[in-house]
Structure formats: structure tokens, C-alpha cells
Amino acid sequence: MSSNNDHEEDFAQLLENSESGTGNVSLFPGDSVEGTVVMIGKDAVFIDFGSKAEGWAELAEFYDDDDELTVKVGDRVKLLMLQYGKSGMQFGTKIRTLSPSAGMNTLEEAYHSGMPIEALVKDKNKGGFDLEIMGVRAFCPISQIDDSYCEDPDVFVDQTLTFKVVEFDLDDRRVVLSRKALLEEEKERVAEVTRETLGEGEKYKGVIRKLMSYGAFIEFGGLDGFVHVSEIAHEHVSDPADVLSIGQEIDVQVLKIEEDKNGKERIGLSIKALITDPWDEDLPFSVGDIVVGTVKRIEDFGAFVEITKNMEGLLHISEIALERINHPSDKLAEGDSIEVLVKGIDLERRRISLSIRDLLAKAATEKVKKEVPSDDVRKDNVILRRRATPAEEPAIEEPMNVPDDPWADVDAAQRKADEEKRAEGSEDDSPKQLTARIGLVTNGIIASIMPYGMFIELPECGPKARGLLHNSEIAVRDGDPIPRDLKEGDTIEVEIIRIDDQGRLGLSRKTVLIRNERVEVAKFQQKLENESKMGTMGNLFKNIKLDKK
């Protein structure tokens with residue numbers, strides 16, 4: 001085994017060789033080079049990049065997220081020249097904070113080479129973030145700080161993050177950075193690996209990126225997928241946010257893979273496919289059992305009661321009390337723990353019908369006191385007050401008319417909700433009407449989404465005004481992906497950029513976003529100039545003495 005002294009001597013010798021071999025090579029901070037790993041030490045990796053010259057990089061540069069070393073002797077690596085020092089030339093995978101003298105030159109090189117750069121997020125403002133890198137002030141628009149919508153800008157303040165220089169002007173000393181660009185590049189690299197094994201039925205570990213009322217957007221292996229609300233769990237889910245949270249890691253299975261006309265993949269995922277379906281196992285209760293359940297939600301036609309994990313039954317309004325009631329909420333509230341009789345089980349349709357009325361009628365007939373017995377039977381998360389026997393008949397004399405199929409009201413309610421949904425948005429309630437003209441910026445409503453773009457209703461221009469927002473006018477920069485979170489019914493700010501001889505309107509979202517970013521960059525530039533002027537004025541008045549009277 002080699003001792004620490006041996007390691008230090010090897011390290012010193014290699015550094016000496018590195019220093020002596022740099023005379024034939026002209027490198028500056030920010031230069032990109034490719035070389036071969038010649039030695040891996042305790043804290044550093046040494047690289048031969050030709051021309052009889054060597055340099056070194058910190059060992060930490062070559063560990064992945066799982067703390068695994070990603071290089072070995074003989075590997076070719078692409079690095080960035082960071083700085084000259086007493087230890088020779090230092091290389092790295094991204095530019096970090098260096099001396100102020102390296103500042104603008106290094107940033108300019110990073111801009112042209114596309115190499116990543118680390119910057120400190122100093123503060124936030126209305127349109128983005130103030131950054132500091134190598135003594136230089138920079139700006140990052142809020143839309144470029146992450147690859148998804150930034151809901152809480154404060155979480156990025158005081159963090160040192162990696163960015164890409166997307167705008168650079170040496171004369172104006174204007175530097176604009178983007179973290180989103182780097183994240184999307186890395187995501188695409190990972191996605192290419194995932195696509196090699198992607199197929200229906202494959203299982204992946206993903207992260208929840210966004211929750212909507214109709215489902216969840218999941219990122220897995222660099223790809224984006226969507227889980228419809230019906231594929232979240234075997235039981236009914238009213239709102240995905242009730243059972244899922246943004247940032248949560250979750251297992252998903254690929255249901256289907258489709259391509260739109262542009263060849264872009266659309267991946268449907270499922271969470272419940274990897275969860276055991278309680279209906280596929282022997283039910284821990286049977287018709288005639290009395291069980292304890294929890295009221296999960298109340299509708300006009302009845303209440304849904306959870307009687308075991310991931311399984312609910314319907315307590316129809318006619319089965320809640322002996323007397324007729326106007327609404328289930330007259331007797332029940334969400335969260336109530338209640339005793340119910342399992343009146344019917346439909347295995348094919350996966351439906352359970354429950355009753356309180358039958359229990360009340362039987363108790364009144366038999367004069368049985370409603371007390372909780374001490375010998376409850378517990379089985380598979382079900383609390384059974386009493387098990388049914390083959391001789392028992394759950395049906396009793398009907399004191400009032402009860403529907404043959406209480407679940408028919410559920411189906412009718414769903415049809416009514418669908419009809420109301422189709423009728424929404426048909427009336428114009430806009431308080432004013434604007435004249436459509438080129439250059440007008442207004443809020444529109446996404447009416448429909450097509451492979452080539454979106455049709456946008458413009459209520460401020462009249463009840464029948466609408467225009468086409470082509471795909472090329474949605475993203476901010478050429479090549480940026482179209483936001484997947486845009487859906488029918490969303491409000492979106494657009495600009496009218498064309499009106500043809502037939503009165504058809506061409507719209508743009510891109511021009512609005514670019515204009516907003518330019519405004520914020522201009523504000524940032526003005527802020528720097530004001531600070532610079534204040535510094536100059538301070539110097540002028542520094543030595544002025546005021547007469548004392």
C-alpha cells in the first residue's frame with residue numbers, strides 16, 4: 001500500500017510536470033479542452049491534453065448523483081480551463097467563482113463555448129433574479145430559472161446554481177443567464193437513454209412536477225408523462241392534490257405511447273397499475289355484514305363511505321334514515337364514522353350498496369340497543385360489528401320506496417355534469433369590447449388545441465372573436481418545447497400580429513414573453529447604471545467641506 005507521503009510526492013511531481021509542460025500551450029480561463037486521464041489521486045484527477053502539457057481537476061468533479069466515480073485512467077474527458085495557480089492549470093466541468101480579473105473574458109468564452117457556469121443568486125425582482133459571478137453582475141429571467149413554472153422564487157435566493165450564458169454584451173456589460181437551458185439539455189441526454197428501453201408495460205421511478213384537477217404530470221428518466229386522475233388509485237380521487245404532492249417520488253407504469261403529427265411523444269402513465277386492486281382479492285366482508293366506515297364525500301343522491309382501504313360503497317339518500325330526508329347532509333358529514341349494513345355487492349361492476357335504514361328498522365323491530373359491542377371482528381382493515389350467517393336475510397320489510405339500483409343516480413349525475421361542462425363558456429360576460437388590430441395585446445382563452453397550434457377566443461374583442469396561435473409563436477426561443485401545461489380553458493396573454501383580408505387573426509405568445517423579458521433586462525441595466533452614477537457622485541462630493549456657521 002502507498003502511504004500518504006507517497007501520494008503527496010506523486011501529486012507534487014505531477015504538478016511540477018504540469019507547470020513545466022505548459023510553455024507550448026496557450027490556454028486562457030474559459031478555454032475548452034479535451035484530454036486523457038493519466039492518474040486518479042486521492043483528491044485530484046490528472047489530465048494529459050497533448051502538447052506535452054498536463055493539468056488537474058478536483059476529484060469531486062467526476063462523481064455522479066449516486067456518489068459513483070464516473071472516470072478511470074485512459075478515459076477521454078472534455079473540460080474547461082478554470083485558472084492558473086501555484087499548482088498549475090486547474091480544469092473543471094463548469095466555471096466556478098474565480099478572481100474578478102477573469103470576469104468578463106471568462107463569461108464571454110462561456111457564452112461562445114456553451115460551457116456551464118456557476119453563479120450566486122443574490123436577490124429576486126419582479127421579472128427575474130440578480131446574479132453574481134466572478135465579480136460580475138448578471139440577470140436571469142424568472143422564466144429561465146427552472147424547467148417548470150416557478151411558483152416560489154424565494155427558494156432560489158442565496159443558492160449557488162449552474163447556468164448557461166444566453167446573452168452577452170461586453171460594451172454594455174450585460175450578461176443574461178439561463179438555468180432552464182442547461183436543465184433541458186441534461187434532461188434530453190437522460191431521455192435518449194430512457195428511450196432505448198421505453199415501451200408499454202415498462203416500470204419507472206418518477207417525480208411529480210405538476211398537479212391539475214384532471215391528473216398529474218410526471219417526469220421520469222428525462223421524459224414527461226401524464227397520469228390521468230382515473231389512473232391514480234383504484235378508489236375514486238376527486239382532486240389529485242388530495243393524495244399526491246409536487247416533488248413526490250413515485251413508481252409509474254407506461255400505459256401507452258403515442259406520437260402527434262409533429263412526431264413528439266405523448267406518454268400515458270398509471271400509478272394504480274402497480275397497486276394491488278382490492279377487487280382482485282377475496283373481499284373481507286359479505287352481504288349482510290355490519291361494518292364501520294368513514295364518510296368520504298357527500299352528493300345530492302347519497303354519500304360515499306370508505307369501508308376498507310381503497311374501497312368505497314354508496315349509501316343512497318333513501319338508505320340513510322327511516323324517514324324521508326331532503327339531503328344527506330341533514331344526517332351526515334364528511335369524516336363521520338358510521339355503522340352500515342352491506343346490502344349488495346356487484347363484483348362485475350365493482351359496486352357496493354350500503355344501508356343505515358335497514359339497521360334502524362331491524363333495531364326498532366327487535367328492540368336492540370345501539371351499543372358498540374366489545375367483541376368487534378377486525379379483518380384486513382375492516383371493522384365487522386357482526387358477520388352474516390347463511391340463514392340471515394339482509395332484506396327487511398320496506399317502509400318506503402327504494403330504487404332498485406341506487407347507483408343509477410350516480411350515473412345520471414355524471415351525465416348531467418358532462419352536459420354542464422360542454423355548455424360552459426358559451427356566454428360573453430366581458431365588460432368592454434376592444435377593436436382587433438395589429439399590436440393589440442389582450443388576454444385570450446384557449447378554445448381548442450390542434451397539432452399545429454391553438455385557437456384562442458378573444459372575449460375583449462367580442463363574443464365571436466378568435467385567432468390562431470401557431471406552434472411557432474408559442475415558445476420564447478426557437479427550439480424551446482411547447483409548454484405542456486397549457487390546456488383548453490386556460491387564459492393566456494397574446495398579441496395580434498396578423499390580420500388577413502378575410503379578417504382572420506394571427507396571434508403570438510412569443511412576442512409578449514420576449515417583450516416582458518426585454519423590459520426586465522432594461523430595468524436591470526438601468527439599475528446598474530444608477531448604482532454606477534451614485535458611486536461617481538459620491539466620489540465627487542467626498543472631499544467637499546461645508547462652511548460651518
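## Helix α3 and V190

V190 lies in helix α3 (residues 180–195); helices (H or I, at least four residues) and strands (E, at least two) are DSSP runs, numbered from the N terminus. This is a predicted model, in which local features need pLDDT of at least 70, side-chain atom pairs count only at pLDDT 80 or more, and totals for chains, interfaces and linings use all residues. Residues are numbered from 1 along each chain as its sequence is written, and side-chain values use heavy atoms, with hydrogens and water left out.

V190 has a relative accessibility of 33% and therefore counts as partly exposed. Buried means under 20% relative accessible area, exposed means over 50%, and partly exposed lies in between (1.4 Å probe, protein chains only). Beyond its neighbours within four places in sequence, V190 is in contact (heavy atoms within 4.5 Å) with G221 and G222. From C-alpha to C-alpha, V190 and G221 are 6.0 Å apart, although 31 residues separate them in sequence.

Two strands pair if DSSP finds at least two bridges between them. Strand β1 (residues 32–40) runs antiparallel to β2, and four bridges join them. With three residues between them, β1 and β2 form a hairpin. Strand β2 also pairs with strand β3 (residues 54–58), in the antiparallel sense, over five bridges.

F46 in β2 stands opposite M39, and W56 is the bridge partner of F46 in β3. Because four of its five residues are buried, strand β2 (residues 44–48) is largely enclosed by the rest of the structure.

## Cysteines

C140 is buried, at a relative accessible area of 0%. C461 also counts as buried, at 10% relative accessibility. Zero disulfides (pairs of cysteine sulfur atoms within 2.5 Å) are found in a search of the whole structure.
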